[in-house]
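Thank you for asking me to look through this structure with you. My notes follow as numbered points, meant for someone who is meeting it for the first time.

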Amino acid sequence: MYTLSVDTPSHQYSIYIGNNLLQQFELLQPHINQKVAIVSNTTVANLHLPALENLLKNNGIDFFTIILSDGEQYKNHDSLNQIYDALLSHHADRKTTIIALGGGVIGDMAGFAAATYQRGVPFVQIPTTLLSQVDSSVGGKTAINHPLGKNMIGAFYQPQVVLIDLATLDTLPERELSAGMAEVIKYGLLGDIEFLQWLEDNMPALMQRDKTLLAEAVRHCCQMKADIVAQDETEQDVRALLNLGHTFGHAIETEMGYGVWLHGEAVAAGSVLACILSEQIGSLKPADTERVKAIFRAARLPDTPPKFAFERWLAHMRHDKKVQSGKMRFITLKQLGQATITTIEDEQPLRKTLAAYLSQ
């Protein structure tokens, strides 16, 4: 088992990474109270909820369970209200611990509910997808979607602990595994060329779910994210680099309809667009972009976005959280393994970047 630490100004907590952690009550016990609310979805509940419920039951913990519909399209105010309704119906108080058991959607919604219910109750992240294990469960970003923009309503709110049970990846569908790999690749692109090379060398085995390699990939990504979050908890500076590919990716998700493209699929295509934009501003070579496309293809991810009108791209990207004083900012690459924040005031580089991906 790996144990990592996240040290933020607001809160210090541990990340545990290993197999069968859902059977180890001693990891969970210090971080929960005598009343627990489990938030999960219909898919994950069938696979992993019994193990968590038995763990709590066998150790005398009073709990109730909230089961939400599965999918990005349900990451909204209605689902959030389902959590609030259950918390109120079960007389949850400020000592009630919320446990998020699921992927990024569940983690984001349960975390936002925890941040806002009675102005804040403790919560625990138990991520069950590769994407949530390497990214969304760590760092305290919680949110719901709005029809006009993804993750536009939320809060920074850190968990008490993150339990990453790698055994949950055994039941992960192939498409979800690929989606998670997009976020893994992102870490190499934005800040670690040696990790990117390691991924290129090991991608076939990773996609075959080699347990040792997957454990190392999850550990490496979590350590990178913990280091970045410790420097910039509320995304005022360096933490924004973790959004490589996300400005374009969120535009894809919003335009196509939440859940049509998985988040990781949109991030992969968005990262390619970020590389093309980096070419347009003179900091990346076409051969670098081709290298990036190749590793996404090796992870069975899209390397081209869907086509829609330039005005629609702009409308979505202007709702991005990195926009400042009306000016769009993008995460670009100085070179592979080194990201930076770039303000784009002239639409021309964006037109050139998206030229091949515009509908008539």
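1. Is the crossing of H6 and H7 left-handed or right-handed? In this model, which is predicted rather than determined by experiment, the two helices cross in the left-handed sense. Helix H6 covers residues 174–191, and its axis packs against that of H7 at an angle of about 160°, with 7 Å between the axes. Since angles over 145 degrees count as roughly antiparallel, H6 is therefore described as roughly antiparallel to H7.

2. The residues that form this contact can be followed on both sides. From H6 come Glu174, Leu177, Ser178, Met181, Val184, Ile185, Tyr187, Gly188, Leu189 and Gly191, and they meet Ile193, Phe195, Leu196, Leu199, Met203, Leu206 and Met207 of H7. Sorted by class, the contact of H6 with H7 has 13 nonpolar residues, three polar ones and one charged one.

3. Phe195 deserves a separate look, being a residue of helix H7, which spans residues 193–207. Its relative accessible area is 4%, and because buried means under 20%, Phe195 is classed as buried. Setting aside neighbours within four places in sequence, Phe195 is in contact with Val184, Tyr187 and Gly188, and also with Ala217, His220 and Cys221.

4. On the H9 side the contact involves His246, Phe248, Gly249, His250, Ile252 and Glu253, while on the H10 side it involves His263, Ala266, Val267, Ala269, Gly270, Leu273, Ala274 and Leu277. The residues of this contact of H9 with H10 divide into eight nonpolar, five polar and one charged.

5. Turning to the strands, where does Asn151 lie, and with which side chain does the side chain of Asn151 make a polar contact? Asn151 is part of strand S8, residues 149–156, and its side chain makes a polar contact of 2.6 Å with the side chain of Lys75. At 17% relative accessibility, Asn151 counts as buried. Apart from neighbours within four places in sequence, Asn151 is in contact with Lys75, Asp108, Ala143, Ile144, Asn145, His250 and Lys321; among them, His250 is also one of the H9 residues that meet H10.

6. Gln125 belongs to strand S6, which runs over residues 123–127. With a relative accessibility of 3%, Gln125 counts as buried. When residues up to four places away in sequence are not counted, Gln125 touches Ala100, Gly107, Ser136, Ser137, Pro159, Val161, Val162 and Leu163.

7. Asn20, which is not a glycine, has a positive phi of about 60°, and it is found in the loop between strand S2 (12–18) and helix H1 (25–28). Ser325, also not a glycine, has a positive phi of about 50°, and its place is in the loop between helix H12 (310–317) and strand S10 (328–335). As for accessibility, Asn20 counts as partly exposed at 38%, whereas Ser325 is exposed, with a relative accessible area of 78%.

Notes. Residues are numbered from 1 along each chain as its sequence is written. This is a predicted model: local features need pLDDT of at least 70, side-chain atom pairs count only at pLDDT 80 or more; totals for chains, interfaces and linings use all residues. Side-chain values use heavy atoms; hydrogens and water are left out. Helices (H or I, at least four residues) and strands (E, at least two) are DSSP runs, numbered from the N terminus. Buried means under 20% relative accessible area, exposed over 50%, partly exposed in between (1.4 Å probe, protein chains only). Contact means heavy atoms within 4.5 Å. A polar contact is a pair of N or O atoms within 3.5 Å; within protein, one must be able to donate a hydrogen and the other to accept it, and residues adjacent in sequence count only if both atoms are side-chain atoms. Ala, Val, Leu, Ile, Met, Phe, Trp, Tyr, Cys and Pro count as nonpolar, Asp, Glu, Lys and Arg as charged, and the others, Gly among them, as polar. Axes are lines fitted to C-alpha atoms, for helices over the stretch in contact, and angles run from 0 to 180 degrees between N-to-C directions. Angles under 35 degrees count as roughly parallel, over 145 as roughly antiparallel, 65 to 115 as roughly perpendicular and the rest as oblique. A crossing is left-handed if the near helix is turned anticlockwise from the far one by less than a right angle, and right-handed if clockwise.
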